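Take a look at the fold before the dialogue starts.

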Amino acid sequence: MKLIIGNKAYSSWSLRGWLACRQSGLTFEEVVVPLYDADWDKRREGAEFAPSSGKVPILWDGEAVVWDSLAIIDFLADKVGRDRFWPEDDAARAMARSMAAEMHSSFVALRRKHSMNIRQVYPAQTPDDDVIVDLKRLMELWAQARARFGGGGDFLFGAFGAADIMFAPVVTRIVTYQLPAARFAVPYMDAVLRHPFMQDWIAAAQEEEWVIERFEQPVG
């Protein structure tokens, strides 16, 4: 398998696809493509990027190609067993799937106004009202998952899985911009950041030489 991703400092969707590959336990080749560099537009026209219209992450497995983070999770779950990614309990699995899908399609204000930048921690500022709405919903979801199904471990549904993979970039955003988080959420966020896969990603992001100025400006 070959996974093509963007800069580890900035690319939140790449992080999700990469975490999914690590969670699968399968061997894969990692190809990091600098986002928006001088060759970006030309590179996106290449055959490897054609199925995704130039978007990352994109996973090739022989002739099979998957180019959406949530689809990559499900593709890999089919290969290695769904219990590696999703809770076994029906009610927990239903909630985990719903939360992953909501993360995939929602929280637009939070994502747009607080882009991922793992290398920075900016001074705290009062978030915009629409971002506060997103954060409130985020805390509600995390609280429900932890209260109902998180007793068996440090993560949303006990063990690290697909839901945590989908929310991992949000955890980094909360830290980067010092956004308000409920007290109960702090141990969960710490567990995500301490996970060995996240530690590997963060360390690699720190070593990257590429800088994208538009992602280096704090909000406000």
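The dialogue below takes one feature at a time.

Q: What kind of model is this, and how are residues numbered?
A: This is a predicted model: local features need pLDDT of at least 70, side-chain atom pairs count only at pLDDT 80 or more, and totals for chains, interfaces and linings use all residues. Residues are numbered from 1 along each chain as its sequence is written, and side-chain values use heavy atoms, with hydrogens and water left out.

Q: At what angle do H4 and H6 pack?
A: Start with the terms. Helices (H or I, at least four residues) and strands (E, at least two) are DSSP runs, numbered from the N terminus. Axes are lines fitted to C-alpha atoms, for helices over the stretch in contact, and angles run from 0 to 180 degrees between N-to-C directions. Now the case. Helix H4 (residues 90-105) packs on helix H6 (residues 129-149) at about 165 degrees, and their axes are 11 Å apart. That makes H4 roughly antiparallel to H6. Angles under 35 degrees count as roughly parallel, over 145 as roughly antiparallel, 65 to 115 as roughly perpendicular and the rest as oblique.

Q: Is the crossing of H4 and H6 left-handed or right-handed?
A: A crossing is left-handed if the near helix is turned anticlockwise from the far one by less than a right angle, and right-handed if clockwise. H4 passes H6 in a left-handed crossing.

Q: Which residues of H4 and H6 meet?
A: Contact means heavy atoms within 4.5 Å. From H4 come Ala91, Ala92, Met95, Met99 and Glu102; from H6 come Arg137, Leu141, Trp142, Gln144, Ala145, Arg148 and Phe149. The residues of this contact of H4 with H6 divide into 8 nonpolar, 1 polar and 3 charged. Here Ala, Val, Leu, Ile, Met, Phe, Trp, Tyr, Cys and Pro count as nonpolar, Asp, Glu, Lys and Arg as charged, and the others, Gly among them, as polar.

Q: How do H1 and H9 pack?
A: Helix H1 (residues 12-24) and H9 pack at an angle of about 135 degrees, with axes 10 Å apart. H1 and H9 are therefore oblique to each other. Their crossing is right-handed. H1 supplies Ser14, Leu15, Trp18, Leu19, Arg22 and Gln23, and H9 supplies Phe197, Met198, Asp200 and Trp201. The contact of H1 with H9 divides into 6 nonpolar, 2 polar and 2 charged residues.

Q: And at what angle do H8 and H9 pack?
A: About 65 degrees, with the axes of H8 and H9 5 Å apart. H8 and H9 are therefore roughly perpendicular to each other. Val192, Leu193 and Arg194 in H8 meet Pro196, Met198, Gln199 and Ile202 in H9.

Q: Where is His195, and is His195 buried or exposed?
A: Buried means under 20% relative accessible area, exposed over 50%, partly exposed in between (1.4 Å probe, protein chains only). His195 sits in the loop between helix H8 (185-194) and helix H9 (196-207). At 12% relative accessibility, His195 counts as buried. Not counting residues up to four places away in sequence, His195 touches Phe155 and Phe160.

Q: Which residues touch the most other members of the largest nonpolar core?
A: A nonpolar core is a set of buried Ala, Val, Leu, Ile, Met, Phe, Trp, Tyr and Cys residues joined through side-chain atoms within 4.5 Å. The largest has 73 residues, and Trp142, Phe157 and Phe167 touch the most other members. Helix H7 (residues 162-176) gives the largest share of this core, 9 residues. Leaving aside neighbours within four places in sequence, the contacts of Trp142 include Met99, Phe167 and Tyr188.

Q: What does Ile72 touch?
A: Ile72 belongs to helix H3 (residues 69-80). At 0% relative accessibility, Ile72 counts as buried. Beyond residues up to four places away in sequence, Ile72 touches Leu3, Gly17, Ala20, Pro57, Leu59 and Val66. Ile72 and Gly17 are 55 residues apart in sequence and 6.3 Å apart in space, C-alpha to C-alpha.

Q: Which peptide bond is cis?
A: The bond from Val56 to Pro57, with omega near 5 degrees. Pro57 is in the loop between helix H2 (40-44) and strand S3 (58-61).

Q: What is phi in Ser53 and in Phe107?
A: Ser53 is not a glycine, yet has a positive phi of about 55 degrees. Ser53 lies in the loop between H2 and S3 and is exposed, with a relative accessible area of 57%. Phi of Phe107 is near 60 degrees, also a positive value in a residue other than glycine. Phe107 is in the loop between H4 and helix H5 (108-113). At 3% relative accessibility, Phe107 counts as buried.
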